[in-house]
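Morning, everyone. I have one structure to go through today, and I will keep it short. Please have a look at it before I start.

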Amino acid sequence: MPPEFHGKAGGILSAGRKTAGRRTMRAVVVTGGNRGAGLAAARNLAGRGYDMILLCRDEQAGRRALGSLHSPQSAGNHRLVATDLASFGSVRAAAARIAGMEVSISALVNNAACLPVRRAESRDGFELQIAVNHLAHFLLTNLLLPQLRGADGPSRIITISSAAHSGPAFNFRDPNWERRRYRRRRAYQQSKLANVLFTLALARRVAGTGIQAVALHPGVYDTGLLRSYVSGLPGGGAVRRFVARDAHRAGPIVGELAAGRRGEDLNGLYFDMGVRAVPAKAARDPRAQERLWRWSAAATGLEPEAGEGEEVPGSARPAGGGGGDPEGGGARELPLR
Ligand SMILES: NC(=O)c1ccc[n+]([C@@H]2O[C@H](COP(=O)([O-])OP(=O)(O)OC[C@H]3O[C@@H](n4cnc5c(N)ncnc54)[C@H](OP(=O)(O)O)[C@@H]3O)[C@@H](O)[C@H]2O)c1
């Protein structure tokens with residue numbers, strides 16, 4: 001597919017930048033696009049003609065993934081932005097890199113996730129799963145909104161949650177697991193619940209703007225994350241052997257929600273694989289959705305919205321997103337070799 005020109009001369013494409021018929025990419029951003037469901041999604045979307053921007057923390061793995069994206073449908077202008085989602089500074093640097101590219105973003109796929117064996121903390125001092133799986137994506141999404149608004153046609157924010165989001169309500173008293181014994185699968189459940197709460201709060205904010213926020217359980221795949229999830233669980237091996245599918249099968253599911261179904265308004269919907277579903281009760285609570293939004297904004301150092309800004313219980317850390325991260329959190333755009 002030849003490179004496209006989006007927007008008329010003088011039209012505002014993104015972040016208030018004026019363009020005069022300059023060339024822009026039709027881009028999709030995927031976090032953690034170097035393996036598993038993220039790589040499958042990136043391959044599918046590249047095959048649909050999109051230029052991919054992969055946010056990966058491991059440069060070599062990211063380069064290998066980029067090299068596997070070529071397709072006859074794509075101009076092949078894929079990019080890698082080295083990003084550690086365990087650092088708000090790195091997320092901010094990545095967003096700044098993307099803002100510097102001449103792109104309007106057709107879709108953002110918030111895919112990356114971790115499930116460590118023991119409690120660990122992000123560079124900003126948050127429990128790692130809530131930091132990587134939710135807070136980093138909350139921050140990235142908010143920073144990329146201007147470029148999503150500039151997209152040609154509806155743009156989608158697909159946040160990959162899990163059926164495992166079902167369970168207890170979000171614990172605002174102790175989101176960082178400092179007052180209780182750490183239970184890693186429960187921490188995963190809380191972070192995946194946060195993905196759905198976030199999507200539903202976001203959907204209210206973007207309604208009518210041309211952006212659609214969607215949450216997805218992608219299916220069960222035999223990936224590093226699943227191996228970590230079932231490790232130590234009775235029957236875990238059987239789940240991997242008999243239930244889990246090859247990760248490449250996630251590609252069309254994510255790709256279709258991100259770039260297909262163009263005539264449909266998917267804003268605020270939750271999908272179980274490709275099928276619309278009802279999220280768990282704890283995710284449907286609008287007060288929890290808004291409370292999570294406020295906590296996340298305070299935690300990441302985002303400007304409060306009008307009428308917000310009050311003290312939020314559980315935001316034990318100082319705002320972490322402000323000053324960048326000189327200790328290695330910075331994102332670099334890596335040219336495709
Ligand atoms: N697999 C399943 O059965 C299943 C089921 C339901 C939902 N999901 C969801 O699907 C999504 C993809 O999971 P997956 O199964 O494909 O997992 P995966 O193969 O283990 O891949 C996880 C991805 O996240 C990246 N990542 C982790 N921590 C990061 C960090 N600090 N900075 C940047 N990237 C980071 C990993 O990068 P590295 O390669 O550098 O580690 C990797 O690219 C997740 O949101 C998961 O919750 C999966």
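Predicted model: local features only at pLDDT ≥ 70, side-chain atom pairs only at ≥ 80, totals over all residues.

Let me begin with two helices. Helix α4, residues 128-149, packs against helix α9, residues 286-300, at an angle of about 80°. Their axes are 10 Å apart. An angle from 65 to 115 degrees counts as roughly perpendicular, so that is how α4 and α9 lie to each other.

Which residues make the contact? On the α4 side they are L135, F138 and L139, and α9 brings in S296, A299 and T300. By type, the residues of this contact of α4 with α9 are 4 nonpolar and 2 polar, with no charged ones.

The mean pLDDT of the protein is 86, and 82% of its residues reach 70 or more. Residues 1-23 have pLDDT below 50, and beyond near neighbours in sequence this stretch has 38 contacts in the model. The pLDDT is also below 50 over residues 310-316, where the model has 15 contacts beyond near neighbours in sequence.

Now a strand. Is β4, residues 51-56, largely enclosed or left open? In β4, 6 of the 6 residues are buried, so the strand is largely enclosed by the rest of the structure. Both of its faces are covered. One side has D51, I53 and L55, the other has M52, L54 and C56, and all of these are buried.

As for its partner, β4 pairs with strand β5, residues 79-82, in the parallel sense over 4 bridges. Within that pairing, I53 has R79 of β5 as its bridge partner.

That is where I will stop.

Methods:
Residues numbered from 1 in each chain as written. pLDDT = per-residue confidence, 0-100. Contact = placed C-beta atoms within 7 Å. Axes fitted to C-alpha atoms, helices over the stretch in contact; angles between N-to-C directions. Parallel < 35°, antiparallel > 145°, perpendicular 65-115°, else oblique. Nonpolar A, V, L, I, M, F, W, Y, C, P; charged D, E, K, R; others polar. Buried ≥ 20, exposed ≤ 12 C-beta atoms within 10 Å, placed from the backbone. Pairing = 2+ DSSP bridges.
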